[in-house]
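Please look over the sequence and the model before reading on, and keep both in view while you work through the points that follow.

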Amino acid sequence: LGLPGVLLIVATAAMLAGLPFGADPLWAVEPITLSEAAALRDNGEVVRLIESGEDVNGASVVRPLILSGRALVVTPIEAAVAAERADMVELLLEQGARMDAALWTRLMCFSVSVEADDVRALLEPRRPEASVEDCDGVEIGW
């Protein structure tokens, strides 16, 4: 009669014993990349990751179903444009994201593909010299 109660206690103790080692028994905790945080509109996580040493200009994986049906490797600023977040683009630029002429062109093409007029309005005054607004040859990954 007491067996179900004993089994519940043993199972609970085993689950609690794994917590200090990162084993969460109820749900899987997956680390988030800086690009994913930018795509998911998580300003606080973006700042935390940058302050912990993540490269604001480095490309990283964005899991499927966040920006598209498949995994993408993009920079945080590309992810922010794909998510149509001008505020995130501005935050990333304030945090040290660099934008050369080639990247500016890619971002403008991305913003056209997702119809992000507010992102285009933010990027236009930051146009580097020698940049062109020609999307021929620019691959949109989503």
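At 34% relative accessibility, Cys135 counts as partly exposed, a class that lies between buried (under 20% relative accessible area) and exposed (over 50%), computed with a 1.4 Å probe on protein chains only. This is a predicted model, in which local features need pLDDT of at least 70 and side-chain atom pairs count only at pLDDT 80 or more, whereas totals for chains, interfaces and linings use all residues. Residues are numbered from 1 along each chain as its sequence is written, and side-chain values use heavy atoms, with hydrogens and water left out.

**The disulfide**

- Cys135 is joined to Cys109 by a disulfide with an S to S distance of 2.0 Å, where a disulfide is defined as a pair of cysteine sulfur atoms within 2.5 Å.
- Cys109 lies in helix H6 (residues 101-113) and Cys135 in the segment after helix H7 (117-123), so the pair ties together parts that are 26 residues apart in sequence; helices are DSSP runs (H or I, at least four residues), numbered from the N terminus.
- The link is left-handed, with -105 degrees about the S-S bond.
- Cys109 is buried, its relative accessible area being 3%.

**Helix H3**

- In helix H3, which spans residues 43-51, the buried residues are Glu45, Val46, Leu49 and Ile50.
- Because these buried residues fall within an arc of 130 degrees when seen down the axis of H3, they line one face of the helix, the arc being that of the directions from the helix axis to the C-beta atoms.
- Helix H2 (34-39) and helix H5 (86-94) are among what covers the buried residues of H3, with contact meaning heavy atoms within 4.5 Å.

Terms used
Helices (H or I, at least four residues) and strands (E, at least two) are DSSP runs, numbered from the N terminus.
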